[in-house]
Amino acid sequence: MTGRAADGSTTSPGKERRIAVDRLRSARVFDLLDETYGRHRWRSHGTPLDELIGTVLSQNTSNVNTARSFRSLRAAFPTWEAVRTAPEEAVIEAIRSGGLARIKGPRIQAILSAIARAHGRLSLDHLADLPIDAAKAEMTALHGVGPKTAACVLLFSLGQPAMPVDTHVHRVSGRIGLVPPRTSAAACQPLLEDLLGRDRDRILNGHLNLIAHGQQVCRAQRPRCESCPLQSDCDYYRAVRVSGDG
Ligand code: SF4
């Protein structure tokens with residue numbers, strides 16, 4: 001006997017039971033993460049274009065360096081149009097403190113030019129009125145903008161239920177088993193969004209708390225499983241630690 005899933009595909013009773021168990025387990029995991037690292041309140045980081053440029057600046061650097069290079073860029077150029085039309089070397093110089101300036105400077109100018117060509121002005125405010133998948137597609141069509149950056153803009157600027165999957169979110173959700181083994185970071189995004197009910201606040205907390213867990217406990221090298229509150233729900237712990245393989 002088969003049932004029909006939300007996307008119209010058919011499911012067997014066994015598969016439906018497995019999905020229900022996975023949802024219960026993932027709800028428990030996210031609740032435990034909230035209890036451990038706290039609940040965060042959403043507030044907009046700024047306009048979608050500010051968030052997009054800030055996220056490009058954040059690639060491969062710390063939050064402190066990102067904030068410093070963003071401030072320096074805005075101090076050097078009063079508008080995004082001024083950044084777009086400035087000599088390349090001047091933009092590179094303005095963001096030097098953030099690292100990888102020779103890559104990020106031209107990338108930012110190319111993104112600004114693509115937006116100006118497409119919309120006749122430097123704004124992404126219209127993304128708020130698009131279906132979320134259309135907004136993601138528009139942003140990822142820009143050179144140098146991937147699914148994580150697009151999700152940052154949607155979540156942090158516009159308060160849309162999009163999950164940015166960084167290295168911590170990817171590693172921790174894979175170890176726990178929230179997503180199937182060897183799921184890519186890009187493929188992780190819709191799976192986690194679905195597990196969190198496409199709910200903005202659940203996704204915000206899931207994102208921030210998976211990062212906190214990845215930084216403090218489930219580190220890339222030698223995860224601190226002995227002091228982890230997620231042991232009983234973690235596939236890695238069951239497979240590697242309990243079986244004595246690790
Ligand atoms: S039990 Fe270990 S592998 Fe699993 S989430 Fe905790 S620290 Fe990570």
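I began with contacts in the protein chain, counting two residues as in contact if their C-beta atoms, placed from the backbone, lie within 7 Å; among those between residues at least 6 apart in sequence, 62% join residues at least 24 apart. I note that this is a predicted model, in which local features need pLDDT of at least 70 and side-chain atom pairs count only at pLDDT 80 or more, while totals for chains, interfaces and linings use all residues. Residues are numbered from 1 along each chain as its sequence is written.

I then looked up burial: 34% of the 246 residues of the protein chain count as buried, that is, with 20 or more other C-beta atoms within 10 Å of their own, C-beta atoms being placed from the backbone.

For secondary structure I found 12 helices and two strands, taken as DSSP runs (helices H or I, at least four residues; strands E, at least two) and numbered from the N terminus.

Next I turned to the ligand, which 13 residues surround, the closest being Cys 218, Cys 225, Cys 228, Cys 234 and Tyr 237; a residue is near if its C-beta atom, placed from the backbone, lies within 6 Å. Helices α9 (167-176) and α12 (235-242) are the elements that give two or more residues to this shell.

Last, I checked helix α2 (residues 48-58) against helix α8 (residues 147-157), which pack at an angle of about 135° with their axes 9 Å apart; axes are lines fitted to C-alpha atoms over the stretch in contact, and angles run from 0 to 180 degrees between N-to-C directions. The contact is made by residues including Pro 48 and Leu 52 of α2 and Val 153 and Phe 156 of α8.

Definitions and conventions:
A residue is buried if 20 or more other C-beta atoms lie within 10 Å of its own, exposed if 12 or fewer, and partly exposed in between; C-beta atoms are placed from the backbone.
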